[in-house]
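Look at the fold as a whole before turning to single side chains. The walk below then goes from helix to rings to one loop.

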Amino acid sequence: MRYVPPARNLGVRHAAGEYILFMDDDDVFQNDYVKEVSETISSTAHKVGACNTSNKTFVTSQKVITKSNKLNHALFGAGMGFWIEPEFFLAIGGFDGGLTIDEDTKRYIRIRGTDTPIFVSACVGVKISPDAQSHGNHP
């Protein structure tokens, strides 16, 4: 696990796209999620976003998270269809290879510290593999 953050950061530094979509090895993007992200990026000025997953409903309608949202009502992880501009991702420090747990919370707090709004889609954009769920890797 300690090699994953540096590998992801290296991938972001070498990426040629305007945005990066992260997924875990047990995630599958659903139907039109990538298209929805592309349309969201084209029609808004958001630098970062996420979505619901098949095993966690984060929001019931589209919303934008700002500093005014309570922290515990607005957390999301890299496995939740997380997308971000590469330059912004690297500016907030990317993934922290020194952490063994709770990297998502630390990255989220760094994003919140920038006053950058976070777009959250109500769609289920990511499905967690049933094999992973049966092995206890997800709640």
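What follows is a short tour of this chain.

This is a predicted model, in which local features need pLDDT of at least 70, side-chain atom pairs count only at pLDDT 80 or more, and totals for chains, interfaces and linings use all residues. Residues are numbered from 1 along each chain as its sequence is written, and side-chain values use heavy atoms, with hydrogens and water left out.

Start with the overall layout. The chain holds five helices and six strands. Here helices (H or I, at least four residues) and strands (E, at least two) are DSSP runs, numbered from the N terminus. In order from the N terminus, the elements read α-β-β-α-β-β-β-α-α-β-α. Contact means heavy atoms within 4.5 Å. Among contacts in the chain with a separation of 6 or more, 78% join residues 24 or more positions apart.

Next, the surface. The chain exposes about 7,800 Å², and carbon and sulfur atoms supply 53% of that area. Accessible areas come from the Shrake-Rupley method with a 1.4 Å probe; for residues, only the protein chains shown count as cover. Buried means under 20% relative accessible area, exposed over 50%, and partly exposed in between (1.4 Å probe, protein chains only). Of the 139 residues, 38% count as buried.

Now take helix 2. Which of its residues are buried? They are Tyr33, Val37, Thr40 and Ile41. Seen down the axis of helix 2, these buried residues fall within an arc of 95°, so they line one face of the helix. The arc is that of the directions from the helix axis to the C-beta atoms. An α-helix has 3.6 residues a turn, so residues three or four places apart point the same way. The face of helix 2 turned away from the buried side carries the exposed residues Lys35, Ser42 and Ser43.

Turn to the aromatic rings. Rings of Phe, Tyr and Trp (its six-membered ring) pair if their centres lie within 6.5 Å; planes under 30 degrees apart count as stacked, over 60 as edge-to-face and the rest as tilted. By this rule there are seven aromatic pairs. One of them is edge-to-face: the ring centres of Tyr19 and Trp83 lie 5.6 Å apart, with the planes at 65°. This pair links distant parts of the chain, 64 residues apart. Tyr19 sits in the loop between helix 1 (4–14) and strand 1 (20–21), and Trp83 in strand 5 (residues 83–84). Both Tyr19 and Trp83 are buried. Phe29 and Tyr33 make a tilted pair, 5.8 Å centre to centre with 35° between the planes. Tyr33 is buried at 2% relative accessible area, whereas Phe29 is partly exposed at 23%.

Phe22, Phe82, Phe89 and Phe95 form one aromatic cluster. Two of its rings carry a charge. A charge sits over a ring if NZ of Lys or CZ of Arg is within 6 Å of the ring centre and within 35 degrees of the ring normal. Arg8 lies over the face of Phe95, 5.0 Å from the ring centre. Arg107 lies over the face of Phe82, at 4.8 Å.

Finish at His46. Where is His46 found? The answer is the loop between helix 2 (33–43) and strand 3 (48–53). His46 counts as buried because its relative accessibility is 12%. Leaving aside neighbours within four places in sequence, His46 is in contact with Tyr19, Val64, Trp83, Pro117, Ile118 and Phe119.
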